[in-house]
Amino acid sequence: MIEILQERTLDVPPTQVWDLIEPVERLPEWFIGIETAEALAGQGLGRKQRVGGRWGRHHFQIDQTVVQYEPRRQLVWRHDTERLDGKPAPMMSRETEFGIHLRDLAPGTLLQLTSRQLPGNVFKGLLVRLIAAPRIARMMERSLAKIAEILAQRRAGAGGGLTSA
């Protein structure tokens with residue numbers, strides 16, 4: 001199993017983080033590399049969703065199922081099918097999961113992103129470690145920075161605007 005973990009402490013409560021990261025339709029706002037996202041069926045545990053974007057010069061589309069769901073604490077999805085340029089993608093991993101975990105640090109939140117992959121064989125594992133894992137780690141790091149930026153802008157906007165009487 002190859003696991004990539006990136007984390008960041010945010011100065012907002014878990015409910016504010018959850019409101020941004022939980023709706024699948026909001027993934028393109030903060031998840032670097034995701035351009036489209038839609039719920040296909042269900043809510044919470046078992047929700048089916050589809051995301052799309054670019055991987056290098058190729059367009060990808062991934063169908064996913066939410067396999068762990070605990071409101072304001074964790075959201076984990078498994079990749080069911082992956083397509084590259086509309087065709088089945090080469091299967092580098094037998095299993096891929098992506099997780100979002102929140103820990104209440106009152107008044108802030110520890111936000112962790114994890115990617116877990118079970119490579120198809122030793123050679124594919126080597127390719128994942130050398131090529132995909134560093135790229136995924138950078139994407140996760142940039143996504144955490146984007147989340148922090150969005151939440152900071154919200155806080156600043158909520159703090160001190162002009163009001164009319």
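Pro107 is located in the loop that joins β7 (93–105) to β8; helices (H or I, at least four residues) and strands (E, at least two) are DSSP runs, numbered from the N terminus. The peptide bond that leads from Ala106 into Pro107 is cis, with omega near 15 degrees. The model is predicted, so local features need pLDDT of at least 70 and side-chain atom pairs count only at pLDDT 80 or more, while totals for chains, interfaces and linings use all residues. Residues are numbered from 1 along each chain as its sequence is written, and side-chain values use heavy atoms, with hydrogens and water left out.

Two further backbone features occur in loops. Arg72, in the loop between β4 (58–70) and β5 (74–84), has a phi near 65 degrees, a positive value in a residue other than glycine. Asp85 is placed in the loop between β5 and β6 (87–88) and also has a positive phi, of about 55 degrees, although it is not a glycine. Most residues other than glycine have a negative phi, and most peptide bonds are trans. Arg72 is partly exposed because its relative accessible area is 43%, where buried means under 20%, exposed over 50% and partly exposed in between (1.4 Å probe, protein chains only). Asp85 likewise counts as partly exposed, at 43% relative accessibility.

The protein as a whole contains three helices and eight strands. Along the sequence these elements follow the pattern β-α-α-β-β-β-β-β-β-β-α. The C-alpha atoms fill a box of roughly 65 × 30 × 30 Å along the principal axes.

Of the 165 residues, 41% count as buried. The accessible surface comes to about 9500 Å², and carbon and sulfur atoms hold 53% of that surface (Shrake-Rupley method, 1.4 Å probe). Among contacts (heavy atoms within 4.5 Å) with a separation of 6 or more, 51% are made by residues 24 or more positions apart.

Gln117 belongs to strand β8 (residues 108–119). With a relative accessible area of 9%, Gln117 is buried. Its side chain makes a polar contact with the side chain of Ser93, at 2.9 Å; the term stands for a pair of N or O atoms within 3.5 Å, where within protein one must be able to donate a hydrogen and the other to accept it, and residues adjacent in sequence count only if both atoms are side-chain atoms. Leaving aside residues up to four places away in sequence, Gln117 touches Met1, Ile2, Ser93, Glu95, Thr96, Val128 and Ile136.

Arg83 is part of strand β5. Arg83 counts as buried because its relative accessibility is 19%. A polar contact of 3.1 Å links the side chains of Arg83 and Thr81. When residues up to four places away in sequence are not counted, Arg83 touches Arg50, His59, Phe60, Gln61, Asp63, Pro88 and Ala89.
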